[in-house]
Amino acid sequence: MNMLEVAGLNVWFGKNRDRVDAVKGATFDVGQGESFGLVGESGSGKSTILRAITGLAPNWSGTMTLGGKPIGKKRPKEFFKTVQMVFQDPYASLHPRHSVDQVLGETLHLHGFKDIDARVVKLLDDVGLGQKFRFRYPHQLSGGQRQRVAIARALAPEPELLLLDEPTSALDVSVQAEILNLLADLRNDRGLTYLMVSHDLSVVGHMCDRLAVMKDGEIVEILDVVALRAMDATHAYSRQLLEASL
Amino acid sequence: MMSTLLDVQNLWVRFPTRNGVFDAVRGVSFTLGRERLGIVGESGSGKSMTGRAILRLIRSPGIVEADQISLEGQDLMKLSEKDMRAVRGQRISMVMQDPKFSLNPVMTIGDQIIEAYRLHNSASKADAYNKSLEMLEAVSIRDAERVMRAYPHEMSGGMGQRIMIAMMLIPNPEILIADEPTSALDVSVQRQVLDIMDKLVKERGMGLIFISHDLNLVADFCDRVLIMYSGRIVEVCDADKLHEAKHPYTRGLLNSLPRLDAPRERLEVLERDPQWSEAPSVSGSE
């Protein structure tokens, strides 16, 4: 069964004269336990797809189903237990005046967990941070450590599908390697499904099984990673993108 | 040997803090000829500080110290602030990372380029206008007349960066310092901007200092590379031999990159050796 199915998805912003169609007729599906990538240049609509799935982009049409159940305009609480998102910029996505303990504790509380203390400890261990980071504030953490906290927060409600929006583009290559390894380990351990947005084809090639290439709001091609490595893209734009990233 | 444009010897950048003095750059020496010199390193390695220190653009309380920073025999460390202003832009230009923060949002692009030109050349407005148009065309901007009338927010990132390059090149400097000029851009646009820079550097015989965190890009684009770690140069090599680099830090960086042509289960994680930051800085002089 597919974890996520998206068919004929349109997303737009503004109205009348100012209307911008950010995503036009996107169709793809992500299997259970699969890691699926969305690539394209800035403004191609790849992040907007993630935002539409989580409900951060209110104007959309088309159908989206999660685990066989259609996603409506209003998302029930269980939805957010199943789907979580990790944002691009770890410097902007954590509250500057909340300690790591507060960030994780509040998330757990909102999702109705009772054993918050034990869970915070476990989450920190899972993302390789450990106890000494528990009462630190974001400014006392490096970029990589912040991204680990953001991943821990996303893991708190024990989701099945993680939406990753450029999770490493703000990080140095050595730190990027650590985060990508962590994400790969978490997927192996928990059988998570990933939907990952990136402009870096080599990152997507490393992390994903299949990927969709986007241009101007449309998906121009869906490839598997074998075809990607063999430089076996059929659409002219994907080929251009592949050549530029070598 | 090439003629030396810039000779930097024993450059230090220090910041006094409450917990003692922090050394951002620690005794870096290198020379620049008419070539493309890359400086790579991670965030915090001091690469941007090195670039800014050459122009003495380190804000107080930061301190720049050096045995010498000589531009064709003239020691920049000894110049007064007033004389230094004649060097900035005129003889050494700098392109910053993000065009969004480097262009004035309330001035048209035309006015900004004309201002840059007339600051250094006594030219009439009409001449400056024509020269600016010419420069925009040189960085492959179509419809330059419309762009002259436009404001920065109407431009895409790639166009903004090309406009920055046009503005920096219009006084015809001898050295261009480019600090991560393409990291805010998409791969496809990145190529175009680099090609333009490359062409201009070659045609005008300029020296280019290209600061970047992207090893592959630098290996591709530069002639010579300095690799910096915690304020020091740990290795110097020819750009086309970067992939044969010997220092464990450089090797670690290269190995931590995911590669399309060599898939791996796990990426290698860099193990940092405290000795790397203790070892004396390697000289980047030719």
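**Helix α4 of chain B**

Start with helix α4 of chain B, residues 109-120. Helices here are DSSP runs of H or I, at least four residues, numbered from the N terminus.

A word on the source. This is a predicted model: local features need pLDDT of at least 70, side-chain atom pairs count only at pLDDT 80 or more, and totals for chains, interfaces and linings use all residues. Residues are numbered from 1 along each chain as its sequence is written, and chains are lettered from A in the order in which they are written.

Which residues of α4(B) are buried? Ile109(B), Gly110(B), Gln112(B), Ile113(B), Ile114(B) and Ala116(B). Buried means 20 or more other C-beta atoms within 10 Å of the residue's own, with C-beta atoms placed from the backbone. The cover includes α5 (125-138), α6 (144-149) and α7 (157-169) of chain B.

Now the core. The largest nonpolar core has 149 residues. That is a set of buried Ala, Val, Leu, Ile, Met, Phe, Trp, Tyr and Cys residues joined through C-beta atoms within 7 Å. Leu211(A), Ala166(B) and Ile209(B) have the most contacts inside it. α7(B) gives the most to this core, eight residues.

Leaving aside neighbours within four places in sequence, Ala166(B) contacts Ile113(B), Met135(B), Leu136(B), Ala138(B) and Val139(B). Contact means C-beta atoms, placed from the backbone, within 7 Å.

Last, the chains. Their contact takes 21 residues from chain B and 22 from chain A. On the chain B side, α8(B) gives the largest share, three residues.

Notes
Helices (H or I, at least four residues) and strands (E, at least two) are DSSP runs, numbered from the N terminus. The expected span of a helix is 1.5 Å times one less than its number of residues. A residue is buried if 20 or more other C-beta atoms lie within 10 Å of its own, exposed if 12 or fewer, and partly exposed in between; C-beta atoms are placed from the backbone. Two residues are in contact if their C-beta atoms, placed from the backbone, lie within 7 Å.
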